[in-house]
Amino acid sequence: MNLENMTIPKHIAVILDGNGRWAKKRGIPRAMGHKAGCETLEKMVRVAADLGVSYFTVYGFSTENWKRSAEEVGALMQLFRFYMVRLLKIARENNVRVKMIGEKSRFAPDIIEGIDQMVEGTRDNTGMTFVIAINYGGRDEILRAAKKMAEDYKASRIQLDQLDEQGFASYLDTAGIPDPDLLIRTSGELRLSNYLLWQLAYTEFYITDCLWPDFNREELEKAIVAYNGRERRFGGRK
Ligand code: IPE
Ligand code: IPE
Ligand code: MG
């Protein structure tokens, strides 16, 4: 696809969905779908960096996903362990800085350590920022932000009449990260599933029926072309 003269969205957020359906179609266990999904994620981090995306935020595990069977959650944790190491290597090779959003304390100690290594080990990279949303929920993030803010208020570190939207956003996990320009959801569902509720206020949505394990460079380019055909508005008039 020719992306010449196209604007590359500065921040692309992705809801990777459809690993289970991809596996079901093949008559294989869901865990195999998640493994294929991890491989796609690896590839797409490279592709996004190569296309010149500045921020690439991917929803890997929601605060609600703990409700899945112990078997599936266990398989996902094993995949995190394995792919975190690989992602750290890919990030290093591609000058990618990794950030995590979500609440990490619920993970096993070795997974927390792996997350910290990804973040610390890539802190000084200057290329794309890859944001991984794990044990992430938009409502949970806003609630945690409100609690942190209340602590600051209690300690007289802030004044409520001076707090604006930007000030509140600085309490979110995404502090310092611009809002997404484009949201991609794979596998056709028309919902947010508790993703970036604050940040997606004026983001353009692109929903594709493509299942996440089948997602690739061409699919991302299609989304970018569609984005370029949008007339962005932020509540004002043209
Ligand atoms: C997305 O794939 C991965 C996670 C939510 C962890 P799903 O597991 O939700 O796949 P479907 O929706 O069942 O096809
Ligand atoms: C959203 O997908 C969460 C992630 C991609 C991590 P889900 O498959 O969990 O969402 P629902 O249940 O279809 O809304
Ligand atoms: Mg799903």
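Residues are counted from 1 along each chain as its sequence is written, and chains are lettered from A and ligands numbered from 1 in the order in which they are written. As the model is predicted, local features need pLDDT of at least 70 and side-chain atom pairs count only at pLDDT 80 or more, while totals for chains, interfaces and linings use all residues; side-chain values use heavy atoms, with hydrogens and water left out.

Let's start with helix H2, residues 30–51, and its packing on helix H3, residues 70–93. Helices here are DSSP runs (H or I, at least four residues), numbered from the N terminus. The H2 and H3 axes sit 10 Å apart, at an angle of about 20 degrees. Axes are lines fitted to C-alpha atoms over the stretch in contact, and angles run from 0 to 180 degrees between N-to-C directions. H2 and H3 are therefore roughly parallel (angles under 35 degrees count as roughly parallel, over 145 as roughly antiparallel, 65 to 115 as roughly perpendicular and the rest as oblique). H2 goes past H3 in a right-handed crossing, meaning that the near helix is turned clockwise from the far one by less than a right angle. Residues in contact (heavy atoms within 4.5 Å) include His34, Cys38 and Val45 from H2 and Leu76, Tyr83 and Ile90 from H3. By class, this contact has 10 nonpolar, 1 polar and 7 charged residues; Ala, Val, Leu, Ile, Met, Phe, Trp, Tyr, Cys and Pro count as nonpolar, Asp, Glu, Lys and Arg as charged, and the others as polar.

H2 also packs on helix H7, residues 217–228, at about 45 degrees, with the axes 10 Å apart. That makes H2 oblique to H7. Met44, Val47, Ala48, Asp50 and Leu51 of H2 touch Arg217, Leu220, Glu221 and Ile224 of H7. In this contact 6 residues are nonpolar, none polar and 3 charged.

On to the ligands. Around ligand 1 are residues such as Asp17, Asn19, His34 and Glu72 (a heavy atom within 4 Å).

A polar side-chain atom of Ser193 lies 2.6 Å from a ligand 2 oxygen, and a side-chain N or O atom of Asp17 is 3.2 Å from a ligand 2 oxygen.

Conventions
Helix = DSSP H or I, 4+ residues; strand = E, 2+ residues; numbered from the N terminus. Polar contact = N/O pair within 3.5 Å; in protein donor to acceptor, adjacent residues only side chain to side chain.
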